[in-house]
Amino acid sequence: MNIFRLAGDMTHLASVLVLLLKIHTIKSCAGVSLKTQELYALVFATRYLDLFTDYISFYNTLMKLIFLGSSFSIVWYIKQHKIVRRSYDKDQDTFRHYFLVLPCLLLALVINEKFTVKEVMWTFSLYLEAVAILPQLVLLQRTRNIDNLTGQYVFLLGAYRSLYILNWIYRYFTEPHYVHWITWISGLVQTLLYADFFYYYFQSWKNNVKLELPA
């Protein structure tokens, strides 16, 4: 554990809390992509297969439970909650997210650190997380008018991964033999996908105007 890893975890947790705050208190999921949330639920379900078999620390187990529980809760809210689901824009959230799943699974079967079920699923979760934000970004481009909480949610998600890159750099220079190419490349791809959003987010903050993405 180091300051960059802790900051990344807390930023990731903050992103989830912001989204849950929006959904639970405002009773609205406007601007939120169900497709992205379903992909994140799949990411955590496949990544944390070791939840009940490999104990690392209380902190590690707690974070796994939080991300698993919150991801499935968000999906449930959007699909089942009698008030929240009314605000879901199904006509705009049309990204065919299942086309992302199979290529990531095939890539994980071919490129992994160890050919076991848990390792392949963990690798699959890395590849899928790298592209899971795409339906959300496409939805924001289509709707253009982005509310503050949704904008903050996406910004915090991107910031979490950026902090993790700093964590990897720090560990590379402080820990012997710390090399994880799959994790690094997946994380870099994920961060690059946020580049355009980051630009317009900071422009809106700098000029004190509402965040809008170009169509």
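**Close-up 1. Helices α2 and α5 run roughly antiparallel to each other.** In this predicted model, local features need pLDDT of at least 70, side-chain atom pairs count only at pLDDT 80 or more, and totals for chains, interfaces and linings use all residues. Residues are numbered from 1 along each chain as its sequence is written, and side-chain values use heavy atoms, leaving out hydrogens and water. Here you can follow α2 (residues 34-47) and α5 (residues 117-131), whose axes come within 8 Å and cross at roughly 155 degrees. Helices are DSSP runs of H or I with at least four residues, strands are runs of E with at least two, and both are numbered from the N terminus. Axes are lines fitted to C-alpha atoms, for helices over the stretch in contact, with angles from 0 to 180 degrees between N-to-C directions. Angles under 35 degrees count as roughly parallel, over 145 as roughly antiparallel, 65 to 115 as roughly perpendicular and the rest as oblique. α2 passes α5 in a left-handed crossing (the near helix is turned anticlockwise from the far one by less than a right angle; clockwise would be right-handed). On the α2 side look for L39, Y40, L42, V43, T46 and R47, which meet M121, W122, F124, S125, L126, L128 and E129 of α5 (contact means heavy atoms within 4.5 Å). The residues of this contact divide into nine nonpolar, two polar and two charged; Ala, Val, Leu, Ile, Met, Phe, Trp, Tyr, Cys and Pro count as nonpolar, Asp, Glu, Lys and Arg as charged, and the others, Gly among them, as polar.

**Close-up 2. Helix α1 packs against helix α3.** The axes of α1 (residues 3-26) and α3 lie 11 Å apart at an angle of about 25 degrees. That angle makes α1 roughly parallel to α3, and the crossing is left-handed. From α1, the contact residues include R5, D9, H12 and H24, while those from α3 include Y59, N60, S70 and Y77. Sorted by class, the α1 contact with α3 has 14 nonpolar, four polar and two charged residues.

**Close-up 3. F44 and F67 form an aromatic pair.** The structure holds 19 aromatic pairs (rings of Phe, Tyr and Trp, the last by its six-membered ring, pair if their centres lie within 6.5 Å; planes under 30 degrees apart count as stacked, over 60 as edge-to-face and the rest as tilted). For F44 and F67 the ring centres are 5.6 Å apart and the planes are at 15 degrees, so this pair is stacked. F44 lies in helix α2 and F67 in helix α3 (residues 58-80), so the pair ties together parts that are 23 residues apart in sequence.

**Close-up 4. Helices α7 and α8 meet in a left-handed crossing.** The axes of α7 (residues 148-174) and α8 (residues 181-193) come within 9 Å and cross at roughly 150 degrees. Y160, R161, S162, I165, W168 and Y172 of α7 make the contact with T183, W184, G187, L188, Q190 and T191 of α8. Its classes are six nonpolar, five polar and one charged.
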